[in-house]
Each structure stands twice: as structure tokens, then as C-alpha cells.
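Have the sequence and the coordinates open as you read.

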Amino acid sequence: MATPMPLMADVMVAACPSRRILSHVTSRWGVLVLLALRGKTLRFSGLRRQIGGVSERMLAQTLQTLEADGFLVRRALDVVPPHVEYSLTRLGEDVAERVGALAGWIEDNLDRIPGAGSADV
């Protein structure tokens, strides 16, 4: 049986799947979900409370996308009422560390960034 060829990723190539994954990880809500779940497990309501401004719809959509990409695990608990918990996979922890470094840099340098004072969200 032949060994499968590794994917040749190049984010600069329009058709490269890495672009789709990059957009998921670096989306406004994707970054915040990854940061919120670093090193912990949270239920949907806990995530929503932690991530200011996210709607239920956008949080659910983001969680589904990150789960499909293999960055998080959704675990339904067999209790009444039903509870669902979310946690990062090893891959998710790895990418969360990287986007966390970027978010930390932005926070540390906010006073040096000319556009930081604008109200665009």
C-alpha cells in the first residue's frame, strides 16, 4: 500500500485549504473561543458569558466550525436538563497558544497602534 503524499500547503495559493482553516482560526469569534477554552472545559452558557458580545447563533456556528476542523471536542452529558461541554483538542491547544501570543502582543502594544482608538468593531 502506497504512503499518502503530505499536503503541500501554501496560504498564498487561492485554492489551498489552509486559507479556509486560517479564516476559521482567525475569525473574530474563532480567536475568542480558542482563547476562552485554553486549558479548560466550558459549557455553552459559560463560553457565552466569557466572550462579551457574541450571539448564541454566532457562538454555535463558531463551535461547529472549530469542531469540524478538529480544534475542539463537544461532549453531551447524559443529565437532565441536557448539558454540553466544550474543550480543546491537542491541536486546538496548540493553535490557541499561537493566537494567544498574537492577542497578547496586541494587548501589550495597544497604545502604540494608531487605529486602536476607533470604534469599528
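Which residues in α2 are buried? They are Trp29, Gly30, Val31, Val33, Leu34, Ala36 and Leu37, where buried means under 20% relative accessible area, exposed over 50%, and partly exposed in between (1.4 Å probe, protein chains only).

## Ground rules

A quick word on what you're looking at: this is a predicted model, in which local features need pLDDT of at least 70 and side-chain atom pairs count only at pLDDT 80 or more, while totals for chains, interfaces and linings use all residues. Residues are numbered from 1 along each chain as its sequence is written, and side-chain values use heavy atoms, with hydrogens and water left out.

## The overall picture

The protein chain has five helices and three strands, and from the N terminus on they come in the order α-α-β-α-α-β-β-α. Those elements are DSSP runs, numbered from the N terminus: helices are H or I with at least four residues, strands are E with at least two. The C-alpha trace spans about 60 × 50 × 25 Å along its principal axes.

Of the 121 residues in the protein chain, 28% count as buried. The chain exposes about 8,700 Å², and carbon and sulfur atoms supply 58% of that; the areas come from the Shrake-Rupley method with a 1.4 Å probe, and for residues only the protein chains shown count as cover. As for contacts (heavy atoms within 4.5 Å), take those between residues at least 6 apart in sequence: 46% of them join residues at least 24 apart.

Just after α2 comes Gly39, with a positive phi of about 70°. For background, most residues other than glycine have a negative phi.

Setting aside residues up to four places away in sequence, Thr62 touches Trp29, Gly30 and Val33. Is Thr62 buried or exposed? At 8% relative accessibility, Thr62 counts as buried. A polar atom of the Thr62 side chain also lies 2.8 Å from the backbone oxygen of Met58. That makes a polar contact, a pair of N or O atoms within 3.5 Å; within protein, one must be able to donate a hydrogen and the other to accept it, and residues adjacent in sequence count only if both atoms are side-chain atoms.

## Strands β2 and β3, and the loop between

Pro81 has its place in the loop between β2 and β3, and the peptide bond from Val80 to Pro81 is cis, with omega near -5°. In general, most peptide bonds are trans. The backbone oxygen of Pro81 lies 3.4 Å from a polar atom of the side chain of His83.

His83 itself belongs to strand β3 and is partly exposed at 21% relative accessibility. Leaving out neighbours within four places in sequence, His83 is in contact with Arg43, Arg75, Ala76 and Leu77.

## Charges and salt bridges

How many salt bridges does a search of the whole structure find? Four, a salt bridge being a side-chain nitrogen of Lys or Arg within 4 Å of a carboxyl oxygen of Asp or Glu. One of them pairs Glu85 with Arg75 at 2.7 Å, N to O. This pair links distant parts of the chain, with Glu85 in strand β3 (residues 83-88) and Arg75 in strand β2 (residues 72-77), ten residues apart. Glu85 counts as buried at 19% relative accessibility, whereas Arg75 is partly exposed at 48%.

Another joins Asp94 to Arg98, with the closest N and O atoms 2.8 Å apart. Both lie in helix α5 (residues 90-108), four residues apart, about one turn of the helix. Asp94 is partly exposed at 34%, and Arg98 is exposed at 52%. There is also a salt bridge between the side chains of Arg48 and Glu56 (3.4 Å, N to O), with Arg48 partly exposed at a relative accessible area of 34%.
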